[in-house]
Amino acid sequence: MYQTLNRTALICLLFLKLPKFEMVCGKVFEETYRKWVQYKEDCIKMIENETLPQGGLFCNRTFDRYACWPDAPAGIMVNISCPFYLPWYDKVSKGVVRRQCGSDGLWERDDSGVVWRDKSQCEEEKEVASRELWYKQLMLSFRMLYTVGYSLSLSTLTMALIILLSFRKLHCTRNYIHANLFLSFILRAVAVIVKDTMIDRHWGREIMKQADVSEMLSHQAAIGCRIAQVVMQYSVLANHCWFFGEAIYLYSVLISSVFIDNNKHLPYLCLCWGAPLLFVVPWVVVKILKENKECWALNENMNYWWIIRFPVLFSSLINFLIFMKILGVIFSKLRANNQSRYPDYKLRLAKATLTLIPLFGIHEVIFIFATDEQTTGVLRYVKVFFTLFISSFQGLLVAVLYCYANKEVQTELKRKLRSWRTETEVKCCRQ
């Protein structure tokens, strides 16, 4: 039985990386355990209530944590239907698990001293097992992909944030917004990595006894995992909100001329760090009241998931519309400049910032009509691959475009490097 639960837990651990499988795996594991407990209780009642056979040698009734065995006359092969708690029971319902009762009235053992049992007819089909192995390899590949992406993003974003905050000449509303965007990416990367670690600890433990399963399914064991899940959802919403802030700032600079510089970044702070709470708090309440199971990664009712999904898709759609509007302004300014050859700082700002606009959750817009409930097969895996790839490496691209490739940042770094070299040379000459 524990091998079956271990296998189910492993599949759950791997499938937790995909939203659709999140709903399936927890239900499969919990349902399997519930049915196993019922099977065990029925077996114990049979052992306690059935009368003993009269006369002759017989093997005692027993429950070996896999199947329930009745008393059997010596020298008889006992056939028992496959246990109904198996997740694949529908496919093996006509199969049997066998034991041999020896001539001495004891259950026969194999060469290792373990009671012999043939459960080959109750095992999952090889075709299904090979499909599960393929799923496992695919999930591991996806996990390796986004772990590398988030790790690279975390390191580059942390250094970029330090650079923006270290140089006073870089302190302005535009760079404050950039810095908060970096921070939201950092929070998101840390939350994802911590969440994966917590899920590994929650689902990845080896099941040796029944208490391990009860502990795994307990609310206490899932508290840390749930906290990590909440932080991750908040960071995702804050991340998209700061994308929205970047788009609004660029739009205001080019078109409406509001919220520009003069350190007017407070409205952005209140909006982009506060607004996600308006969605995360209701989602937490709904989870506690309606779906208080496991790590809160299960979405049994997808309507509740829209509390998180809606603001992400809405902000991505607004960003896309802003992008199209700004694109028209850029083209008009370029045509005007080609005629007058008069430089415009707003145009230079737009050209420096525009490269990030396509990354403002546009991949969410691409799949806006391909929801988790509707996508299946190859399309689903394509969607998951691009979503994970863009989301994990997005922070790296942001750090490069907004910091390392920024001419203002490069100028300050070069000036600081020259100053450091001059100080070093002076100290060397004095010595």
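Predicted model: local features only at pLDDT ≥ 70, side-chain atom pairs only at ≥ 80, totals over all residues.
Visitor: In which helix is the place of Leu 289?

Guide: Residues are numbered from 1 along each chain as its sequence is written, and side-chain values use heavy atoms, with hydrogens and water left out. Helices (H or I, at least four residues) and strands (E, at least two) are DSSP runs, numbered from the N terminus. On that numbering, Leu 289 sits in helix α9.

Visitor: Is Leu 289 buried or exposed?

Guide: Leu 289 belongs to a nonpolar surface patch with Leu 277, Val 281, Val 285 and Ile 288, about 460 Å² of accessible area together. Such a patch takes Val, Leu, Ile, Met, Phe, Trp and Tyr residues with over 30% relative accessible area and no salt bridge, their side chains joined within 5 Å. Buried means under 20% relative accessible area, exposed over 50%, and partly exposed in between (1.4 Å probe, protein chains only). Because its relative accessibility is 65%, Leu 289 counts as exposed.

Visitor: Which element has the lowest mean pLDDT?

Guide: The protein chain averages a pLDDT of 77, and 72% of the residues score at least 70. Strand β6 (residues 96–100) has the highest mean among the elements, 93. At the other end, with a mean of 44, is helix α1 (residues 2–15).

Visitor: Which cysteine is in contact with Phe 182, leaving aside its neighbours within four places in sequence?

Guide: Contact here means heavy atoms within 4.5 Å. Among the partners of Phe 182 are Leu 157, Ala 160, Leu 161 and Leu 164.

Visitor: How many residues apart in sequence are the parts tied together by Asp 64 and Arg 117?

Guide: These two form a salt bridge (a side-chain nitrogen of Lys or Arg within 4 Å of a carboxyl oxygen of Asp or Glu), with the closest N and O atoms 2.8 Å apart. Asp 64 lies in the loop between β2 and β3, and Arg 117 in the loop between β6 and α4. The pair therefore ties together parts whose separation in sequence is 53 residues.

Visitor: Which residue joins Asp 64 and Arg 117 in one network of salt bridges?

Guide: The structure holds 8 salt bridges. Some share partners, and that links Asp 64 and Arg 117 into one network with Arg 99.

Visitor: What is the phi of Arg 65?

Guide: Arg 65 is found in the loop between β2 (62–63) and β3 (68–69), and counts as partly exposed because its relative accessibility is 37%. Most residues other than glycine have a negative phi. Arg 65 is not a glycine, yet its phi is positive, at about 70°.

How values were computed:
pLDDT = per-residue confidence, 0-100. Patch = residues over 30% accessible without salt bridge, like charges linked within 9 Å, V, L, I, M, F, W, Y side chains within 5 Å. Areas by Shrake-Rupley, 256 points an atom, 1.4 Å probe, with all protein chains shown as cover.
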